[in-house]
Amino acid sequence: MLRLIAFLIFAALPAQAEEIVLGLSRDEVAITANFDGSDILIFGAIKREAPAPETGDLGVIVTVAGPDHPVTVRRKDRRLGIWVNTDAVEVDAAPSFYAVATNGPLREVLSDTEDLRHHITIPRAIRSVGAEVADSRAFTQALIRIRAGNDLYQVLEGEVDLEEETLFRAAVQLPANLTEGDYAARIFLTRNGEIVDEYVTAIPVHKVGLERWLYNLARNNAVVYGLMSLAIAIAAGWGASALFGLLRR
Amino acid sequence: MQIYLPIAEVSVNAFLLLGLGGMVGILSGMFGVGGGFLMTPLLFFIGIPPAVAVATEANQIVASSFSGVLAHFKRRTVDLRMGTVLLVGGLVGSGLGIMLFNYLRSLGQVELLVQLCYVIFLGIIGALMFVESLNAIRKSKKAGGAVPTRRRHNWVHNLPFKMKFRVSGLYISVIPPLLVGVLVGVLAAIMGVGGGFIMVPAMIYLLGMPTKVVVGTSLFQIIFVTAFTTMLHATTNFTVDIVLAVLLLVGGVIGAQIGTRIGVHMKAEQLRILLAMLVLAVCGKLAFDLLITPSELYSLGTGGH
């Protein structure tokens with residue numbers, strides 16, 4: 001009887017034909033004093049219980065997202081001859097970094113419904129509700145344009161290498177101006193634009209060593225940190241003066 | 001050599017920062033201005049977040065002013081008594097200024113106010129100084145090199161609470177220096193600078209102090225006002241980046257020493273006309289930015305204003 005129930009439950013579950021097995025070139029990013037950006041190689045394989053289905057194009061989408069923060073987007077307008085900020089839109093949450101890589105054109109590997117559900121493309125990854133300006137789309141577009149100009153938002157269409165419909169890999173370049181936090185790496189497997197499997201993992205990005213120590217001190221012991229900054233400033237000022245005094249003699 | 005700044009959270013070239021610090025340091029030593037009105041916009045330009053730039057700049061000014069004032073102490077060109085009176089006004093003023101700044105920030109448009117403040121004050125002061133020093137040079141040429149002694153008696157000399165300022169050779173009321181201190185303090189807090197470029201002309205033209213004493217005294221006062229500002233920023237906004245400050249101040253203090261020595265070999269009128277031109281150039285650049293159509297109409301700020 002029990003065996004029958006177990007069988008029924010098992011049969012009721014959707015059979016997962018294709019599954020992602022993942023590897024990362026590094027499982028964390030350490031920001032050191034001479035940090036100058038970092039490459040992350042995301043690679044893996046597609047595990048199958050049965051031979052690959054003949055129908056439907058296989059798509060692999062890799063996204064890497066930094067922590068979400070609210071952003072204020074302001075627009076300038078000419079008032080009395082000078083350019084001033086007039087309208088502003090509060091974007092509720094925008095990732096500080098976002099890269100989306102695919103093995104083919106986005107339109108072909110991802111359907112709109114799945115994009116809407118899983119927030120995969122950049123405009124979908126930005127959450128903006130309750131904008132009181134009529135053309136709030138222009139503000140979100142400006143946010144994407146400015147961040148893309150700083151390499152913070154990247155669209156890497158066709159940058160995922162897919163071999164034999166089994167092995168895939170994608171390289172994502174993290175720029176030097178990174179924010180700390182847990183970066184989420186997501187890998188989606190699609191058939192005809194419909195997602196068949198999803199894999200999520202976190203890549204912690206954090207400061208280490210001196211950078212970590214200074215940051216913590218500034219946050220937790222602000223008075224000590226402020227006094228230390230002043231002491232260094234006074235010492236440097238006095239040191240330079242004394243040094244030049246010696247040089248002149 | 002790229003270096004990652006822990007508080008600003010950006011990566012910048014260390015030598016670029018050293019060079020910027022050095023250049024601004026030379027000007028600071030020559031004219032007795034902290035150099036904040038030049039450095040703060042330059043830091044924005046290389047991509048340091050504005051809040052971090054303003055706060056860190058205050059810390060850097062402490063270093064370059066301290067280095068500069070030591071050289072002036074050796075030459076006995078610091079009026080400690082006047083400096084203290086100005087400082088009392090300055091601390092009151094910067095407290096008021098920060099309150100005003102926060103109030104305006106709650107209304108929005110604080111950036112515009114800061115920019116307009118820069119354009120208006122730099123413009124007025126630069127133009128006045130330029131005309132005045134040009135006249136002084138012309139007069140000294142006509143008189144065959146003899147500099148006429150200026151001893152004007154205006155309303156400033158008829159106020160109560162008179163005090164003797166021996167180093168400056170003045171016997172005036174403490175009210176005008178106190179008011180100058182307050183005004184400079186308010187503007188310094190709003191504009192995120194030491195305020196030397198406002199203080200120096202105010203001391204020369206309003207208080208009638210001799211130019212040689214003005215520079216040292218202004219530096220003396222700036223040290224304390226900027227130290228106060230640094231502490232305020234460090235404890236309330238956590239925006240002082242010590243790594244950025246160290247890089248800037250290493251260049252800055254060396255520059256200030258060189259600048260002070262250049263300043264000694266120049267005539268007061270020449271010094272003033274150069275400062276006037278510098279002030280006008282920065283003013284022109286900022287005014288230009290307000291008038292021309294920007295290439296990017298949109299800008300990003302941190303959420304929640």
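1. Burial in helix 1 of chain B. In this predicted model, the buried residues of helix 1 of chain B are B:Leu17, B:Leu20, B:Gly21, B:Val24, B:Gly25, B:Ile26, B:Leu27, B:Ser28, B:Gly29, B:Met30 and B:Phe31. An α-helix has 3.6 residues a turn, so residues three or four places apart point the same way. B:Leu17, B:Leu20 and B:Val24 are among the buried positions.

2. Length of the same helix. Helix 1 of chain B covers residues 14-31, and its 18 residues should span 26 Å at 1.5 Å a residue; the end C-alpha atoms are 26 Å apart, so expectation and model agree.

3. The hairpin of chain B. Strand 1 (residues 2-5) and strand 2 (residues 10-13) of chain B run antiparallel and are joined by four bridges. Within this pairing, B:Asn13 of strand 2 stands opposite B:Gln2. Four residues lie between the two strands of the hairpin, where B:Glu9 adopts a positive phi near 60 degrees.

4. The interface between the chains. Contacts link 48 residues of chain B with 47 residues of chain A. On the chain B side, the elements that give two or more residues are strand 1, strand 2, helix 3 (50-74), helix 5 (110-142), helix 8 (211-236), helix 9 (242-264), helix 10 (268-291) and strand 5 (298-302). Helix 9 of chain B supplies the largest share of that side, with nine residues. By class, the side of chain B that touches chain A has 30 nonpolar, 15 polar and three charged residues.

5. Confidence in chain A. The mean pLDDT of chain A is 81, and 90% of the residues score at least 70. Confidence in this chain is lowest in helix 1 (residues 2-12) of chain A, at a mean of 53, whereas strand 7 (residues 98-102) of chain A has the highest, at 90.

6. Composition of chain A. Chain A contains seven helices and twelve strands. Of its 249 residues, 30% are buried. Among contacts in chain A with a separation of 6 or more, 71% are between residues 24 or more positions apart.

7. Domains of chain A. Chain A is divided into domain 1 (14-207) and domain 2 (208-249), and the C-alpha centres of these two domains lie 40 Å apart. Six residues of domain 1 of chain A are in contact with six residues of domain 2 of chain A. On the domain 1 side, strand 2 (29-31) and strand 12 (194-207) of chain A are the elements that give two or more residues. By class, that side has three nonpolar, two polar and one charged residues.

Technical notes. Residues are numbered from 1 along each chain as its sequence is written. Chains are lettered from A and ligands numbered from 1 in the order in which they are written. This is a predicted model: local features need pLDDT of at least 70, side-chain atom pairs count only at pLDDT 80 or more; totals for chains, interfaces and linings use all residues. Two strands pair if DSSP finds at least two bridges between them. The expected span of a helix is 1.5 Å times one less than its number of residues. A residue is buried if 20 or more other C-beta atoms lie within 10 Å of its own, exposed if 12 or fewer, and partly exposed in between; C-beta atoms are placed from the backbone. Two residues are in contact if their C-beta atoms, placed from the backbone, lie within 7 Å. Ala, Val, Leu, Ile, Met, Phe, Trp, Tyr, Cys and Pro count as nonpolar, Asp, Glu, Lys and Arg as charged, and the others, Gly among them, as polar. pLDDT is the predictor's confidence in each residue, from 0 to 100. Domain bounds come from an automatic or database domain assignment.
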